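Open the model in a viewer and keep the selection panel at hand. The stops below say what to select next and what is there.

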Amino acid sequence: SLQSKLSNDDQLKELQLIDTNSTRMLQLVDQLLELSKIDSGNLKLILKDGNISSFLTSIIEPFQFQSKEKGIQFTANIQKTTENSAFDKDVIEKIVTNLVSNAFKYSPQNEQITFSSSVENSNLKLVVSNTGSDIKKEDLPKLFERFYQNKENQQGVGIGLALVKELVDLYKGSITTSVENSELSFVVNLPLAVANENALVIPTKETTSTIEN
């Protein structure tokens, strides 16, 4: 409401900063609550039918704009799928956005970030890579520890990657990391199957049609 009333550029910038920071705070609280649900065993996957490639495209699109603002080359290779799959939109969105946001956070200007997805044998594979990383191989296992920071003056509180790992485990999937020539990569494999004790399956509504002579 205030943003629509003010015309002073400096005041508008301050309001936008408040808006951005409050949104970030809301995301952090949401992540903490999500971890708490996982710890208590109360978080379940909600599997609904949908087109996974269209869904991933909608998630990745905003990062195209962010790459231009930060001067980072961002490439997305999303394998198009024609068949629908049963998946949890909220969980997959959190996994993808946390991994890609993490890449943007720690990629210097003029570096490259790539995102790719593919589906094979009812398995969703996601790969997020970024160049210019200063992560060492011995630090890779620590990346998924809650509140881990590899530098004392580093921004953030170390929740995002820990949440990703917990959500992947909830999905009965796997996540691996590697670093070669300053390129850090995360590879996630998620089963697109309904046989998961952590999942609730929402059936597709059946449609009826009348056949006339």
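**Stop 1: H3 against H4**

Helix H3 passes helix H4 in a right-handed crossing; a crossing is right-handed if the near helix is turned clockwise from the far one by less than a right angle, and left-handed if anticlockwise. Helices (H or I, at least four residues) and strands (E, at least two) are DSSP runs, numbered from the N terminus. This is a predicted model, in which local features need pLDDT of at least 70 and side-chain atom pairs count only at pLDDT 80 or more, while totals for chains, interfaces and linings use all residues. Residues are numbered from 1 along each chain as its sequence is written, and side-chain values use heavy atoms, with hydrogens and water left out.

Select residues 52-70 for H3 and 89-105 for H4: their axes come within 11 Å and cross at roughly 20°. That makes H3 roughly parallel to H4, the term for angles under 35 degrees. Axes are lines fitted to C-alpha atoms, for helices over the stretch in contact, and angles run from 0 to 180 degrees between N-to-C directions.

Now show side chains. On H3, the residues that meet H4 are Ile52, Phe55, Leu56, Ile59, Ile60, Phe63, Gln66, Ser67 and Lys70. Their counterparts on H4 are Lys89, Ile92, Glu93, Val96, Thr97, Val100, Ser101, Phe104 and Lys105. Contact here means heavy atoms within 4.5 Å. By class, the residues of this contact divide into ten nonpolar, four polar and four charged. Ala, Val, Leu, Ile, Met, Phe, Trp, Tyr, Cys and Pro count as nonpolar, Asp, Glu, Lys and Arg as charged, and the others, Gly among them, as polar.

**Stop 2: Ser53**

Stay in H3 and select Ser53. Is Ser53 buried or exposed? Ser53 has a relative accessible area of 6%, so it is buried (under 20% relative accessible area, with exposed over 50% and partly exposed in between; 1.4 Å probe, protein chains only). Its side chain is joined to that of Asn51 by a polar contact of 2.6 Å. A polar contact is a pair of N or O atoms within 3.5 Å; within protein, one must be able to donate a hydrogen and the other to accept it, and residues adjacent in sequence count only if both atoms are side-chain atoms. A polar atom of the Ser53 side chain also lies 3.2 Å from the backbone nitrogen of Thr81. Leaving aside residues up to four places away in sequence, Ser53 touches Ile78, Gln79, Lys80 and Thr81.

**Stop 3: H4 against H5**

Select residues 160-170, helix H5; the axes of H4 and H5 come within 9 Å and cross at roughly 145°. H4 passes H5 in a left-handed crossing. From H4 the contact takes Val91, Lys94, Ile95, Asn98, Leu99 and Asn102, and from H5 Gly160, Leu161, Leu163, Val164, Leu167 and Val168. These residues divide into eight nonpolar, three polar and one charged.

H5 is mostly covered, with eight of its eleven residues buried. Among the buried ones are Ala162 and Leu170. Lys172, which follows H5, has a positive phi, near 60°.

**Stop 4: Ser133**

Move to the loop between strand S5 (123-130) and H5, and select Ser133. Ser133 counts as buried, at 10% relative accessibility. A polar atom of its side chain lies 3.1 Å from the backbone nitrogen of Ile135. Not counting residues up to four places away in sequence, Ser133 touches Ser182 and Leu184.

**Last stop: the whole chain**

Zoom out: the chain has five helices and eight strands. Of its 213 residues, 37% count as buried.

How values were computed
Angles under 35 degrees count as roughly parallel, over 145 as roughly antiparallel, 65 to 115 as roughly perpendicular and the rest as oblique.
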